[in-house]
Amino acid sequence: MPRKISFINYKGGVGKTSLIVNVGAALAQAGKRVLLIDLDAQSNSSLWLMRFERWNPLLKQDTGHLYTIFTGANRLKDCVIRDVVAGNSEGKNALHGLDLVPTTFSLVDLEETGETEGEAPPYMLFQQQLAEIEDDYDFILFDCPPNVLTASRCGLFCSHEIYVPVNPDILSLIGFTLLADKLKQFQQESACHRSSSMAPPVQIEGAIFNAIKANLDVTSAKLRIQVRMNQLKGKGVVSNAVRIFKSQVRDAVIVPRSVTLGLPVCLIGAKEQGTGNTVQDDYRSVALEIIDNEASVKASRESCVASGLSPTF
Ligand SMILES: Nc1ncnc2c1ncn2[C@@H]1O[C@H](COP(=O)(O)OP(=O)(O)OP(=O)(O)O)[C@@H](O)[C@H]1O
Ligand SMILES: [Mg+2]
């Protein structure tokens with residue numbers, strides 16, 4: 001059974017895509033089989049990992065990208081691009097194990113059609129088709145837009161864990177709070193569609209500080225998030241084991257540069273990589289914390305189920 005993880009915050013531009021691409025790559029480097037599913041119509045992680053030249057033809061195709069599973073043109077398994085980064089680096093790339101389900105701007109049409117009364121919601125179709133391929137992976141990562149609308153709901157319905165990327169500002173805190181609120185609404189609405197064989201509804205398991213400038217003191221920003229997490233615990237959307245990650249990701253110009261190069265940062269040479277002094281090391285530390293978090297997430301979910309606390313609406 002893979003670990004299924006959504007990266008989401010109601011605040012845009014906090015680093016959801018940068019984290020998921022680079023943490024996904026770090027997990028693949030650690031020998032894990034990773035599937036990244038792009039749930040954002042902006043298509044940022046698809047554009048990053050495929051580069052524009054490979055992604056652009058998808059715009060004219062009615063198969064091979066996420067939206068086409070909702071039109072019935074193909075199934076999710078037919079949209080998977082294996083070892084996606086290998087196609088950008090002329091055989092030199094040693095990164096195997098990172099697969100992608102790409103998306104295009106057409107995904108925005110899913111928000112327009114939304115959920116029709118009397119019909120199964122799109123997240124159920126998504127969940128059924130994901131079940132056909134999920135055992136091929138150790139991690140399935142959902143790059144969500146900054147909302148809990150139709151596309152995000154696909155990831156959230158299937159996820160076991162949510163990690164919230166935050167910047168050290170008040171807007172990220174507001175985004176966190178709004179996310180918890182909207183997640184709760186969604187858990188209530190979708191409860192009738194959860195079968196007994198499914199895992200309990202997803203909860204927020206952690207916050208990851210991103211794009212931290214050198215010498216910036218983030219103590220009070222961390223305290224604010226911690227206080228909010230504590231207030232929200234026990235209400236069904238924030239896990240009892242929730243925590244701020246020990247690792248944080250520094251602000252580094254190589255991150256936007258790596259988008260242009262169509263590579264995760266770990267594949268861009270940095271002599272100091274491995275010393276703990278680079279943003280590549282930060283992403284690797286986040287990936288290792290996610291790997292290490294498995295036992296505590298599992299224990300918290302089991303205690304929730306045993307005590308009847310999940311879901312609490
Ligand atoms: N650690 C970092 N150092 C420097 N720049 C960063 C870092 N992380 C992200 N950025 C930059 O910040 C911007 C927003 O990042 P990103 O696209 O990952 O955020 P997002 O939360 O996915 O945004 P959206 O809500 O639009 O999906 C991008 O230009 C990205 O290159
Ligand atoms: Mg994004």
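Reader: At what angle do helix α5 and helix α6 cross, and within what distance do their axes come?

Author: The axes of helix α5 (residues 122–131) and helix α6 (residues 150–158) cross at roughly 50° and come within 8 Å. This is a predicted model, where local features need pLDDT of at least 70, side-chain atom pairs count only at pLDDT 80 or more, and totals for chains, interfaces and linings use all residues. Residues are numbered from 1 along each chain as its sequence is written, and chains are lettered from A and ligands numbered from 1 in the order in which they are written. Helices (H or I, at least four residues) and strands (E, at least two) are DSSP runs, numbered from the N terminus. Axes are lines fitted to C-alpha atoms, for helices over the stretch in contact, with angles from 0 to 180 degrees between N-to-C directions.

Reader: Why is α5 called oblique to α6?

Author: Angles under 35 degrees count as roughly parallel, over 145 as roughly antiparallel, 65 to 115 as roughly perpendicular and the rest as oblique. The crossing is at roughly 50°. So α5 is oblique to α6.

Reader: Which residues of α5 and α6 meet?

Author: P122, Y123, F126, Q127 and L130 in α5 meet T150, R153, C154, F157 and C158 in α6. Contact requires C-beta atoms, placed from the backbone, within 7 Å. By class there are 7 nonpolar, 2 polar and 1 charged. Ala, Val, Leu, Ile, Met, Phe, Trp, Tyr, Cys and Pro count as nonpolar, Asp, Glu, Lys and Arg as charged, and the others, Gly among them, as polar.

Reader: What makes R51 and D83 stand out in phi?

Author: Phi of R51 is near 65°, a positive value in a residue other than glycine. D83 is not a glycine either, and has a positive phi of about 40°. Most residues other than glycine have a negative phi. R51 sits in helix α2 (residues 44–55). D83 sits in the loop between α3 (67–71) and β3 (98–101).

Reader: What class do T63 and A73 fall into, and why?

Author: T63 has 13 other C-beta atoms within 10 Å, so T63 is partly exposed. A73 has 15 and therefore counts as partly exposed. T63 lies in the loop between α2 and α3, and A73 in the loop between α3 and β3.

Reader: How do you know that T63 touches A73?

Author: A73 is listed among the contacts of T63, with T68, N74 and D78. Their C-alpha atoms are separated by 6.1 Å, at 10 residues apart along the chain.

Reader: How many residues surround ligand 1, and which are closest?

Author: There are 21, and the closest are G12, K16, T17, S18 and P256. Near means a C-beta atom, placed from the backbone, within 6 Å. The shell has 10 nonpolar, 8 polar and 3 charged residues.

Conventions: Buried ≥ 20, exposed ≤ 12 C-beta atoms within 10 Å, placed from the backbone. Contact = placed C-beta atoms within 7 Å. Lists of a residue's contacts leave out its neighbours within four places in sequence.
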